[in-house]
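I opened this model to look at how two of its chains meet, and I note below what I looked up, entry by entry.

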Amino acid sequence: MASLIKHKIMAEIHNNGDSKSSAKIPKIKFTKLFINGEFVDSVSGRTFETIDPRTEEVIANVAEGDKEDVDLAVEAARFAFDHGPWPRMSGSERGKMMMKFVDLVEENLEELTALDAIDAGKVFEIAKVGEMPFAASILRYYAGAADKIHGKTMKMANQLQGYTLCEPIGVVGHIIPWNFPVGMFFFKTSPALAAGCTMVIKPAEQTPLSALYCAHLAKLAGIPDGVINVITGFGTTAGAAISSHMDIDCLSFTGSTEVGRVVMQAAATSNLKSVSLELGGKSPLIIFDDADVDSTVNLALLGGFANKGEFCVCSSRIFVQDGIYEEFITKLARNAKGITVGDPFAPTTHQGPQVDKKQYEKVLSYIEHGKRQGATLLTGGKPCGEKGYYIEPTIFTDVTDDMLIATDEIFGPVISVFKFKTIEEAITRANSTRYGLAAGIATKDLNIANTVSRSLRAGIVWINCYLAFDADVPYGGYKGSGFGREFGMEGLYKYLQVKSVVTPVHNSPWL
Amino acid sequence: MSSPKHEIKFTKLFINGEFVDSLSGNTFETIDPATEQVLATVAEGRKEDVDLAVKAAREAFDTGPWPRLSGEARRKILLKFADLIDENADELATLEVIDGGKLFGPVRYFEVPISSETFRYFAGAADKIRGATLKMSSNIQAYTLREPIGVVGHIIPWNGPAYMFATKVAPALAAGCTMVVKPAEQTPLTVLFFAHLSKLAGVPDGVINVVNGFGNTAGAAVSSHMDIDAVTFTGSTEVGRAVMHAAASSNLKPVSLELGGKSPFIVFDDADIDKAAELAILGNLTNKGEMCVAGSRVFVQEGVHDVFVKKLKVMVKGWATGDPFDLATRHGPQNNKQQYEKVLSCIERGKKEGATLVTGGKPFGTKGYYIEPTLFTNVTDDMSIAKDEIFGPVISVLKFKTVDEVIKRANATKYGLASGVMTKNIDTANTVSRSIRAGAVWVNCFIALDRDAPHGGYKMSGFGREQGLEALEHYLQVKTVATPIYDSPWL
């Protein structure tokens, strides 16, 4: 859904650039930690600045949580779980409250979108009709799942009755990245809420604002105090405190592979809490000779440049079969030039700024690597604008599989295009990566679609589409892209524990 | 007393379908804990041997037949494997007895048949591994495929090698994975015999590989291998921590951990007291107490406490030691010297902490790692024997008054593996079973393990489930495939 809508909007904006946006830059209302239903200063009193990547200026000072604040949050979440109403409410009651939460999110959609626009550089009109409604749909999906969490009765080999109970695991830690602040907040909290868990959320330090706003809406929705707690702060302090907390039962992390490693190590070293990791990717989009070149070009641009390339499933490696290669790259370069990079609130903008200075510099340095290692710069390759972290949509061709731009996740608007001959070659090269998050295939041939989709080692394979996310579609990594699934009923598993209850039976007429 | 002379047929590593020496030529000894005699000298694998094994497993997975066979075809081989286990039950049981200090009766007539039944269960599951078609909110068709995850590392403990091998290997095979098995260094023999049977069963070369050796060399090489896709571990909490840490530091492979326990066995006033005493004994003294699910904290409601303890004392005293091959024998030696010394030191601490030693408490016999079945009463929650996993034949009895009190005290542990509840009252059974934070609650029974019953830990007893179809999850990955559709008459 998100992909089709984005595709449509990009086409519309490209074609009639004179529509007006009524977006206002919002006043920042929530800048404190949210613990046990209250907005509070950090124990230390420290704050940190969050920067607007459009202007490089400070938007607001936000409370900086550290270990002692995480301790308070976990205490509140633990009490709410062990003694509070939330796990003791029925699934349908939790679902009702979650539906109220979604209603409030939808009523405040513009303000939430605007917060992510100024905090994360997202394009307002695109986010407003794409990822924001999608985030809301996730919350609604799990609101409707809360009363459908089933265990099983078992087929024992003896005169025993056995059944499984799927119980909420307890206090959950969510460590959320900066690329979809509102989205990630709901992707993670929704299934945990449905399962009956309580939680501590640590948004990325680059994008703390919308999570605090969501916490405010949670309270308005009637979610009991202590169920949702938000600690804004830094990874090495607040994030580490969560990963290594002895009283957090499970951890869900989305972010880079490097930090994911640290998180899992800390989970092991502390109380062996279970973790789920959604990490980076270097996803291939494989385009066969029989694909329609025009629509596939737009698919490649969508997959490669959506959200300024700050997308773990970004199709950063485009494999094009030699029969259509020349036509493809010609049209790719031409269409890429039609992508407007500019202010997220301008209605003609397709692509906003990179999230912060560090990312901006990292992307530019990869572009330099690409040039130095001998790839051909087809289009883009430079920063743009006088201020803000804006980078032109960049396409490299004549890339070889061993170049850095082919192996490393760049997380910016940089695509590498490769030529291939045979289906076997495409599969081998597509799979030659430590990552395994997503993949795309463009072909009309049924057998190619089936063979290639089964052969690609990736958690989600899109055939003749890309970024086709949906609430019922489980999503997660193979290999170094992590483990665990989000969305779908699978998304609930990590927040549940299976308990077997067994009792002898006597005189059962069947077994 | 007669112990048959046992021929040890397999003592080398099993890599790519062949029994081979370790690359270094190193070997180590395995001891019979009943006699402290050396049974055999076994090849000692290290990192370079693990590398060879992984290479074979990787080749077998990426290009070999195993994952490419249908579930039905894998089923056939798994069923053959089960039959071979049954045909060779005497020899397998004998190896378990002499290598692990176990008793022939329970192993031959219980653990080994359960192993073959586990193979049959997963054989029957191999052709039923389903994904789902999804209910999309737009014109897209999507489905999930549950694919074998790849090369799996299994790290197996010493308390029940045959059972553990079956529990881990059978579902991994059913799912289409290939694997490297690292048995505990205390008990290398049974798994090598299984490897031999796997070849006879028709499991292709490279699908199952066995590297015997030590934890900090071979085990560590498995946990930290960059080309192993998942690891399953059963063992102590301390080593589980090292395994998970190594998995994170290397290639972020998912792990499943089945760790220790300090499981509560709760006897209410209305319980069938004879049954409760019998289960408390079985739950603590079976396999000389070397069970992760041991009900090592026996909570007895005050109304029946004294009667219960009297019965228990008689049964503990009657728990007979003898020739491991004699079917009347109940008690055997602890598995190895280190464990033997650890259990004795736990008993000493219990005495010092002021618990009442009702019977047992001492080593016995002129050779072998034998410890008397031991009963402590008047144990309080703060004593080390009430908190730490002992993994030996030691029962601790604690008294309680009310339901709410016992739930709290039962849950006051970092572990959460199993629990037992003895009551005839439906409300007590339901309330307590929902309130105990443990992966298994056995009501009016204990150690009621079953092929279809998922089993695993809460809290620091680990995560992941073995047995049941849930066990397949470790060996599968979910892939979603989505395609746009046109003109669909429904959505």
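I searched the predicted model across the interface of chain B and chain A, and the rule returned 33 residue pairs in polar contact, with both residues at pLDDT 80 or more. I then asked which elements of chain B make up the side that touches chain A, and found that β5 (140-148), α8 (237-249), β10 (255-258), α14 (426-435), β17 (440-443) and β19 (476-484) each supply at least two residues. Sorting that side of chain B by class, I counted 34 nonpolar, 19 polar and 13 charged residues.

Salt bridge. I looked up the salt bridges between chain B and chain A and found a count of 1. In it, the side chain of Glu470(B) meets that of Lys152(A), at 3.8 Å from N to O.

Extent of the contact. I recorded 66 residues from chain B and 65 residues from chain A in the contact. The area buried between chain B and chain A came out at about 5000 Å², and carbon and sulfur atoms give 55% of this area. When I asked which residues of chain B lose the most area to chain A, the listing gave Met244(B), Leu252(B) and Lys479(B), which together account for 13% of what that side buries.

At one position I checked, Ser500(A) stands opposite Ala440(B), which lies in β17(B).

Methods
Residues are numbered from 1 along each chain as its sequence is written. Chains are lettered from A and ligands numbered from 1 in the order in which they are written. This is a predicted model: local features need pLDDT of at least 70, side-chain atom pairs count only at pLDDT 80 or more; totals for chains, interfaces and linings use all residues. Side-chain values use heavy atoms; hydrogens and water are left out. Contact means heavy atoms within 4.5 Å. Buried area is the accessible area (1.4 Å probe) that two parts lose on being put together, summed over both. A salt bridge is a side-chain nitrogen of Lys or Arg within 4 Å of a carboxyl oxygen of Asp or Glu. A polar contact is a pair of N or O atoms within 3.5 Å; within protein, one must be able to donate a hydrogen and the other to accept it, and residues adjacent in sequence count only if both atoms are side-chain atoms. Helices (H or I, at least four residues) and strands (E, at least two) are DSSP runs, numbered from the N terminus. Ala, Val, Leu, Ile, Met, Phe, Trp, Tyr, Cys and Pro count as nonpolar, Asp, Glu, Lys and Arg as charged, and the others, Gly among them, as polar. Two strands pair if DSSP finds at least two bridges between them.
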